[in-house]
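I opened this entry to look up the charged pairs and the open space in the structure.

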Amino acid sequence: MGLTSAFKPCDVRGPYPEVVNERLFRGIGAAFAGQYPQGSIVVLAGDLRASTPALLEAVWEGLSCPWATVLHPAATPIAYFVARELGADLTLVVTASHNPPVYNGLKILGRQGRPPSESDLRDLEARAMALLDRPVVRSGPPPVAPLAPWLDRYCQAVVGLSGEGDALRVVVDPGNGCLCGVAAAALRQAGHQVVEINGGPDGGFPARGADPTVDGALAQLAAEVAKAGAQLGVAFDGDGDRVVFVDEAGSVVPGDVAAALLALESSGRSPGAPVILDVRASRRLAAALEARGARVVWSYPGHALIRAQLLEHGAAFGGEISGHYFFAELGGDDGLYAAMRICRLVAREGPLSRLAADLPRGYTLTELRLPFVGAVDRVLEALVEAFPDAGAQRQPAGLTLEWEGQWVLVRPSITEPLLTIRGESSSEEGLLELTCRLDGVLRRFGLRLT
């Protein structure tokens, strides 16, 4: 699998129709068909992208599963909720999540909400390729189940699980994505005063794009928080499984800080259970969690990877700095439920800015996403040679260099042709030195940090 393939380490993803298309999705559906005979419980869902209806129909045709529960348009967490309620054997969600509108993809869960491993996806790719041109019986578009009853049950569930708390004034930005109207309704049901922006569903994501972590994406949300005198701003990605927070002062809360806050609360609910952290998270934050009794297990990023670790370790919580937050009670991630939990925390313990400031962090090199289509191994080898004083850990997902007071992670994106870089130092001077050394190596490959 590689960037030229639609099959990534966590899911299926790529530009439409060059990489992801109806022919491929019929093949994927056909590859699953023999494994899930009549009587299996199958949930199919899709997001708001213009290409989603055709891809959803294609995978349904290949699967030959007229008894499946089909939901469209539905946020990924709603599809996961329906799958849990039904005890689904297979869940397929047509979405490219936070990627631009020209992308689409497929998120996959098996029995008991288990994500596929990378080897499972390699096997799926081989089977799907062999079945690309298998004849299918065309019977029109799939019968879409009424969504309103499921939305009501989902909202009641996330409100009930998150617990009671005082009312807050909250600004919600679903970014024209799948949680338009849904997140605001659930927060109001929980008693909060809600202002919604960018609330018109539109798979082109015209307001700020599908990814709330992009630089500048949350400027409007920060301004609305100040205008409304709100205690919190909440922004979701295109399919609603990721969330980013803005505090009452209009500052974006780093993803690993939000993860640490949720991890501490989850550890309090489940003493002794580990918490899973993305390897890009601050080491000082992790040390602070451990000092407060949490047991940290590290995971490489990727929604399927962290979900698998959550289930494997019986963890209370899992956090990825890009805004995926996983909970034991859900068996997976849910952006709206994470928002509900942060609302409850702020209502109970005070301003989000203070809660974030109380957690120690080093000086961080905020994650950089640099376009790159060259030989990643050559870049990683050059970095190992340039940092002989660092302990180097090579993984399929990238390279970690770590030495006293400093660390850096360099890895290829698993969904886009990008090289991502993240680092931390115990001092401002150390971070500047680290950045300069990195920049010197990367410029040899046409990449620039500064």
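I looked up Asp278 in this predicted model and found a relative accessibility of 0%, so Asp278 counts as buried, the cut-off being under 20%. Its side chain meets that of Arg280 in a salt bridge, at 2.6 Å from N to O. Arg280 is buried as well, with a relative accessible area of 3%.

I next looked up Arg242 and Asp237, whose side chains form a salt bridge at 3.7 Å, N to O. Arg242 has 3% relative accessibility and counts as buried; Asp237, at 1%, also counts as buried.

I then turned to Glu402 and Arg283, which meet through their side chains in a salt bridge of 3.8 Å, N to O. This pair joins distant parts of the chain, with Glu402 in strand E18 and Arg283 in helix H9, 119 residues apart. Glu402 is partly exposed at 33% relative accessibility, whereas Arg283 is buried at 18%.

For the whole model I noted a count of 30 salt bridges. A network of salt bridges links Glu265, Arg269, Glu329, Arg341, Arg344, Arg348 and Glu349.

Last, I looked up the largest pocket, which holds about 990 Å³ of space. It is lined by 44 residues, and Thr213, Val214, Ser322, Glu367 and Arg369 are the closest to its centre. Which strand gives the most to this lining? I found that E16 does, with five residues. Strands E9 and E10 and helix H8 are among the elements that each supply at least two residues. By class, I recorded 16 nonpolar, 14 polar and 14 charged residues in the lining.

Key:
Residues numbered from 1 in each chain as written. Predicted model: local features only at pLDDT ≥ 70, side-chain atom pairs only at ≥ 80, totals over all residues. Heavy atoms only, no water. 1 Å grid on protein atoms, 1.4 Å probe; cavity = no way out; pocket = protein on both sides within 12 Å on 5 of 7 lines; lining within 4 Å. Points joined across faces, edges and corners; volume = space filled by probe spheres on them. Helix = DSSP H or I, 4+ residues; strand = E, 2+ residues; numbered from the N terminus. Nonpolar A, V, L, I, M, F, W, Y, C, P; charged D, E, K, R; others polar. Salt bridge = Lys/Arg side-chain N within 4 Å of Asp/Glu carboxyl O. Buried < 20%, exposed > 50% of the residue type's maximum accessible area, 1.4 Å probe, protein only.
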